[in-house]
Amino acid sequence: MNTTIMLFLVQDGITNGAIYALLGLALVLVFAVTRVILIPQGEFVTYGALTYASLSSGQVPGTARLAVAMGIVAFCLDLFAGRRSLHPRLVGRAFAINIILPVVIFALTSWLAGRHPPIAVNIALSLSIVAAIGVFLYRIVFQPLAHTSVLVLLIASVGCHLALQGFGLVFFGAEGQRGPTIADVAFTLGPLRFTGQSITVYAITIAFIVGLWLFFGLTLYGKALRATAINRLGARLVGIRTTLSGQIAFLLASVIGAISGILIVPITTLYYDTGFLIGLKGFIAAIIGGLVSYPLTAVAALVVGTVEAFSSFYASNFKEVIVFTLIIPVLLLRSLAAPAVEEEKD
Amino acid sequence: MNPGMSALLSVSDAHVAYGKVEAVRSVSLEVGDNEIVTIIGANGAGKTTLLNAIMGILPLRGRVAFAGDDIAKLEIEDRVAAGLSLVPEHRELFATMNVEDNLQLGAFRIAKATAAKSFARVYTLFPRLKERRKQLAGTLSGGEQQMLAMGRALMGAPRLLMLDEPSLGLAPIVVADIFRTIGELRASGVSVLLIEQNAQAALQIADRAYVMELGEFILDGPAKDIATNQRVAASYLGFQHEATSVI
């Protein structure tokens, strides 16, 4: 193999790895804060990508309707949970977040679809639709289960994945879609050609990592999220609501998922179920990071991306097999390092 | 507490159970404004269970009123917002965050301007914390961790501070320091409900005391009277060589 091919593969691997890094970080974040292993992360990718692709081709995506429907369910749950003390302020707040917000997004989407708004508007709409779905998913499924074991949360998570994937098939059909590129420029550096899209992928990944680092290090809400991850009871004792932390974690995860989807849909054709596989690779990175370490997850994601690029070149039939086999030695090493892990008592 | 004075915290006929086992049975207690009240009793008497239930960590059957409002149905976070604060037995600090961040999060529910005042107050009470403000909470000594736990609880400007065994596992000189600080809290308008196995130290700073045994209060009164009570002296203060069983 010559250097040019190797450089190409490394470049390809890093571009994919950057996406896996984003997804892996979101998984670590959600697990640390809520103990949920977020299998539906892949659906956030699909929804983000295909919502963006549908909007770009002038259609109203079904996800906008889903957000409204989930908002109504979330509103009913809020009313039911607060039935003992229904202040008008409480009801008003729940109504604004659960009903008005998704309806406004839906109205904007239907009005703008077909009028060929700029790409930035389509991206913003796709992100807000998926973000709403993410937050409502937490409210409807995981908030009522917050006190249960990791296993119960995992089963619920698998259920959400299957349901959302089914909805994806209904909304977007079985055919794959592609979206328009975000940046069309391209330049060559030595043997390598950098497309605007891959530069955008790097830039956004780095921006997100720096942004998350600033958010967790400097802002009160970021610190509150970390505090919840470190010590849930301690956080409650200073008045940080577990539900608030959970909502922020799911909001971040769904936005990160949707961003990843929007970044890759111009490069690869995405089907309603492609997101799951992409999410799984982020999951492998997160597992290598032990579901706790952000830097280790980011590095592992780049390794996963590179291994994937090389194996698709040498043994494309076994591409996925090789990538997913990565997890076995890692788990073996981890189990040797830490023989017994007791599940956290609640 | 003087009769006629309205209680800040008032618990009546409280039961707390783990499954079918009642760890606290029909307990009533009151804490007034600017009052230090202590609950003393042996290990396993139900003191920690009672405190956790008042905070909302464990479900409690009975009435809990704070500043005149029924708080029995409120979540922990809402009790914090109402002005109730607990320093739990295991402190529950954010071990991988520094001292300053721990304190800042203690003020999560209050306005920024008030938080600045809280910082000044906590650093005055515990100058040690100011010296260590960039150090990770998990790397502090036991005494410093206890100070941080108390400091974090005080950051939210509570009206009632509940302390669960603040002297546990600390060197005597540190314990003296912590108890002096608890005494100082009264001057700044914070009431204290204190649980201690170190009954002697607790009775010295408290106004009133309850004696708990096997999930029930067997005695209560002014701290001075409790300290001189024969049964208490025998069981908890170790004054008599032949302890008469109170069980």
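User: Before we start, what should I know about the model and its numbering?

Analyst: Since it is predicted, local features need pLDDT of at least 70 and side-chain atom pairs count only at pLDDT 80 or more, while totals for chains, interfaces and linings use all residues. Residues are numbered from 1 along each chain as its sequence is written, and chains are lettered from A and ligands numbered from 1 in the order in which they are written.

User: What makes strand 7 and strand 8 of chain B a pair?

Analyst: Two strands pair if DSSP finds at least two bridges between them. Strand 7 (residues 160-164) and strand 8 (residues 191-196) of chain B are joined by five bridges and run parallel. Strands here are DSSP runs (E, at least two residues), as helices are (H or I, at least four), numbered from the N terminus.

User: Why are strand 6 and strand 10 of chain B called edge strands?

Analyst: The open sheet has six strands in the order 6-7-8-3-9-10, with mixed pairing. Strand 6 (84-87) and strand 10 (216-222) of chain B each pair on one side only.

User: How do you know that strand 1 and strand 2 of chain B pair, and in which sense?

Analyst: Strand 1 (residues 9-18) and strand 2 (residues 21-31) of chain B share seven bridges in the antiparallel sense. Leu9(B), for instance, has Val31(B) as its bridge partner. The two strands form a hairpin with two residues between them, and Gly19(B) in the turn has a positive phi of about 65 degrees.

User: Why is helix 4 of chain B called roughly antiparallel to helix 6 of chain B?

Analyst: The axes of helix 4 (residues 112-125) and helix 6 of chain B come within 9 Å and cross at roughly 150 degrees. Axes are lines fitted to C-alpha atoms, for helices over the stretch in contact, and angles run from 0 to 180 degrees between N-to-C directions. Angles under 35 degrees count as roughly parallel, over 145 as roughly antiparallel, 65 to 115 as roughly perpendicular and the rest as oblique, so helix 4 of chain B is roughly antiparallel to helix 6 of chain B.

User: Which residues make that contact between helix 4 and helix 6 of chain B?

Analyst: Helix 4 of chain B gives Ala115(B), Ser118(B), Arg121(B) and Val122(B), and helix 6 of chain B gives Gly151(B), Leu154(B) and Met155(B). Contact means that C-beta atoms, placed from the backbone, lie within 7 Å.

Methods:
Two residues are in contact if their C-beta atoms, placed from the backbone, lie within 7 Å.
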